[in-house]
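Please read them with the structure open beside you.

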Amino acid sequence: MNVIMYSTEGGMDIEEVAHHTPDKIFKEWVHPGGGLQGFQARKIAFNLGLSGEAFKNCVKFVTNLYNAYVGL
(Lines give C-alpha, C1' and ligand atoms only; values in the text may rest on other atoms or scores of the structure.)
Protein backbone atom coordinates (compact mmCIF):
# COMPACT_ATOMS: atom_id res chain seq x y z
CA MET A 1 0.00 0.00 0.00
CA ASN A 2 1.04 3.56 -0.59
CA VAL A 3 1.30 5.77 2.46
CA ILE A 4 1.19 9.53 2.78
CA MET A 5 3.35 10.67 5.68
CA TYR A 6 3.05 14.22 6.92
CA SER A 7 3.63 16.40 9.95
CA THR A 8 2.98 19.92 11.16
CA GLU A 9 6.67 19.95 12.05
CA GLY A 10 7.66 19.21 8.43
CA GLY A 11 10.90 20.44 7.01
CA MET A 12 13.91 18.55 5.79
CA ASP A 13 14.69 16.88 9.12
CA ILE A 14 11.66 14.61 9.30
CA GLU A 15 13.91 11.90 10.74
CA GLU A 16 14.60 14.16 13.72
CA VAL A 17 10.87 14.74 14.20
CA ALA A 18 10.29 10.97 14.04
CA HIS A 19 13.03 10.37 16.58
CA HIS A 20 12.12 13.07 19.12
CA THR A 21 8.34 13.44 18.68
CA PRO A 22 6.94 10.46 16.74
CA ASP A 23 3.40 11.43 17.77
CA LYS A 24 3.69 14.43 15.42
CA ILE A 25 4.07 12.21 12.35
CA PHE A 26 0.81 11.18 10.71
CA LYS A 27 0.36 8.36 8.19
CA GLU A 28 -2.52 7.84 5.80
CA TRP A 29 -2.52 4.43 4.12
CA VAL A 30 -4.03 4.35 0.63
CA HIS A 31 -5.53 1.12 -0.68
CA PRO A 32 -4.31 0.54 -4.25
CA GLY A 33 -7.73 -0.59 -5.46
CA GLY A 34 -9.59 2.43 -4.15
CA GLY A 35 -7.06 5.22 -4.45
CA LEU A 36 -6.98 8.23 -2.18
CA GLN A 37 -10.48 8.85 -0.89
CA GLY A 38 -11.94 12.29 -0.26
CA PHE A 39 -12.26 11.65 3.47
CA GLN A 40 -8.54 10.81 3.60
CA ALA A 41 -7.54 14.08 1.91
CA ARG A 42 -9.82 15.97 4.32
CA LYS A 43 -8.31 14.11 7.29
CA ILE A 44 -4.84 15.19 6.18
CA ALA A 45 -5.89 18.86 5.93
CA PHE A 46 -7.61 18.61 9.34
CA ASN A 47 -4.57 17.01 11.01
CA LEU A 48 -2.42 19.82 9.63
CA GLY A 49 -4.67 22.29 11.42
CA LEU A 50 -5.95 24.00 8.29
CA SER A 51 -9.30 25.71 7.82
CA GLY A 52 -11.21 27.72 5.24
CA GLU A 53 -9.53 28.21 1.87
CA ALA A 54 -6.29 26.65 3.08
CA PHE A 55 -8.23 23.48 3.99
CA LYS A 56 -9.90 23.33 0.56
CA ASN A 57 -6.65 24.02 -1.26
CA CYS A 58 -4.82 21.35 0.73
CA VAL A 59 -7.48 18.75 -0.12
CA LYS A 60 -7.15 19.58 -3.83
CA PHE A 61 -3.35 19.64 -3.66
CA VAL A 62 -3.01 16.32 -1.84
CA THR A 63 -5.50 14.67 -4.19
CA ASN A 64 -3.74 16.00 -7.30
CA LEU A 65 -0.31 15.14 -5.94
CA TYR A 66 -1.36 11.57 -5.18
CA ASN A 67 -2.98 11.18 -8.61
CA ALA A 68 0.21 12.44 -10.26
CA TYR A 69 2.25 10.02 -8.19
CA VAL A 70 0.18 7.00 -9.27
CA GLY A 71 -0.07 8.24 -12.85
CA LEU A 72 -3.78 9.05 -13.14
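1. E28 is buried, its relative accessible area being 6%, where buried stands for under 20% relative accessible area, exposed for over 50% and partly exposed for the range in between (1.4 Å probe, protein chains only). E28 forms a salt bridge with K43, with 3.3 Å between the closest N and O atoms; a salt bridge here is a side-chain nitrogen of Lys or Arg within 4 Å of a carboxyl oxygen of Asp or Glu. Since E28 lies in strand β2 and K43 in helix α2 (residues 38-47), the pair ties together parts that are 15 residues apart in sequence. K43, for its part, is partly exposed, at a relative accessible area of 41%.

2. This is a predicted model, in which local features need pLDDT of at least 70 and side-chain atom pairs count only at pLDDT 80 or more, whereas totals for chains, interfaces and linings use all residues. Residues are numbered from 1 along each chain as its sequence is written, and side-chain values use heavy atoms, with hydrogens and water left out.

3. How many salt bridges does a search of the whole structure find? The search finds three, and one of them joins the side chains of E9 and K24 at 3.7 Å, N to O. This pair links distant parts of the chain, 15 residues apart, with E9 in the loop between β1 (2-7) and α1 (14-20) and K24 in the loop between α1 and β2 (25-30). Both residues are partly exposed, E9 with a relative accessible area of 41% and K24 with one of 33%.

4. Within helix α3, K56 and E53 lie three residues apart, about one turn of the helix, and their side chains meet in a salt bridge of 3.5 Å, N to O. K56 is partly exposed, with a relative accessible area of 49%. A54 also lies in helix α3 (residues 52-70) and is partly exposed at 40%; A54 and H31, although 23 residues apart in sequence, are 26 Å apart in space, C-alpha to C-alpha.

5. For the protein chain as a whole, the secondary structure comes to three helices and two strands, in the order β-α-β-α-α from the N terminus on; helices (H or I, at least four residues) and strands (E, at least two) are DSSP runs, numbered from the N terminus. Of the 72 residues, 24% count as buried, and the C-alpha atoms fill a box of roughly 35 × 30 × 20 Å, taken along the principal axes.
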